[in-house]
Amino acid sequence: MMANRQRRHVAAGPWAFVAPALLWTVAFFLVPFLVMAVVSLWERVGTDLVASWTFANYLKFFERGHFLKAMANSLEVTAIVTVTSVLLAYPFAWIIAEKVPARWQRLALVLAILPFWTSYVVRSYSWLLVLASNGIVNQALLGIGLVDEPLSLANSRTATVIGFVHFFVMLLTLTIYANLVQLPPNYRRAAADLGAGPIRTFLHVILPLTLPGIMVGAFLTFVLCIGDYITPQVLGGNNELLMPQVIMLQIGRRADFPTASALAILLMVVVTFAYLGFARWIRLERT
Amino acid sequence: MTGKPVRWSTLSAVLYAGAIYGFIFLPVLVLVLFCFQDGRFPIPPFQGFSLRWYEAVWNDRRLIEALVEKA
């Protein structure tokens, strides 16, 4: 009797610890997701939503050129942003971790992420002003005679990419820095002892050891970038649409929740594939 | 330690970090600078220092209410 009671107590223990997190996940992720999945199978007849079980909304994505084009745009922009951000942030994080004296590193890091304190929307509009044809960048380029006519930077894919890269360079500098300072300095000393120069040490010791961290940061960048609505909406102009904008158009302009849900789930499928790709990379580097 | 290569790498590190800091702060500095713009448009040239936009926000009841609500 006593033993039985004790065992039940022990068995209930783990569930009690897991329950809050589990409830949270079910209530705020699983249930909304299932609702969206069900709605994606509904139909919009006239202005009404009709509950049904049809894959028509998913077929629409593959049949209509502008949906596919939006997905292609999203993937292109996200790929450019992720690669550019990592390439810019890595040397920057390395300089903070290696070249800046230890007691100034915290300040250097805080400075590097200070613009996070301003609103994301406001920062996007600020980029619009900076990149405008009579904005500060064009004035500077004209002033030093690098161009004869102002470049049309604002309201373009270039502006979207710059706005994104700005955000993610700050984010990736943090994650890559955290990764770099974790490396024991002995590894580098051992490599130097064995006759490796700085470049070989970097390529064969530092880079492989920080690659998992880079991949985690790159994946985070990918996910946040491909789902972002504000930056392309503010900076991209109306020349091309990305997936989140197309999804918003379904809701805002047509009240077509089923199509919007189907597109959102397809975007999620793409993110899942990206995760699988990144996860394989990360594990590959750890073994 | 030989002098020259070390100095060159330090110089390029300073230049690179400076460029990235410049990139990171560009939109924020532009924002701060042109909030004092004495003119209608927040673009160069800077037409002089003015607090008229702060006054405009202060006198806009709806904006102040929105600010209080957010905070």
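What percentage of the 287 residues in chain A is made up of buried residues? Buried residues account for 30% of them, where a residue is called buried if 20 or more other C-beta atoms, placed from the backbone, lie within 10 Å of its own, exposed if 12 or fewer do, and partly exposed in between. This is a predicted model, in which local features need pLDDT of at least 70 and side-chain atom pairs count only at pLDDT 80 or more, while totals for chains, interfaces and linings use all residues. Residues are numbered from 1 along each chain as its sequence is written, and chains are lettered from A and ligands numbered from 1 in the order in which they are written.

**Overall form of chain A**

- Chain A has 12 helices and two strands, which are DSSP runs numbered from the N terminus (helices: H or I, at least four residues; strands: E, at least two).
- The radius of gyration of chain A, taken over C-alpha atoms, is 24 Å, well over the 19 Å that the globule rule (2.2 Å times the number of residues to the power 0.38) gives for 287 residues, so chain A is more spread out than a compact globule.
- Along the principal axes, the C-alpha atoms of chain A fill a box of roughly 80 × 65 × 30 Å.

**One residue in its setting**

- A:Met71 belongs to helix α3 of chain A, which covers residues 65-99, and is partly exposed because 19 other C-beta atoms lie within 10 Å.
- Although A:Met71 and A:Leu41 are 30 residues apart in sequence, their C-alpha atoms are 20 Å apart in space.
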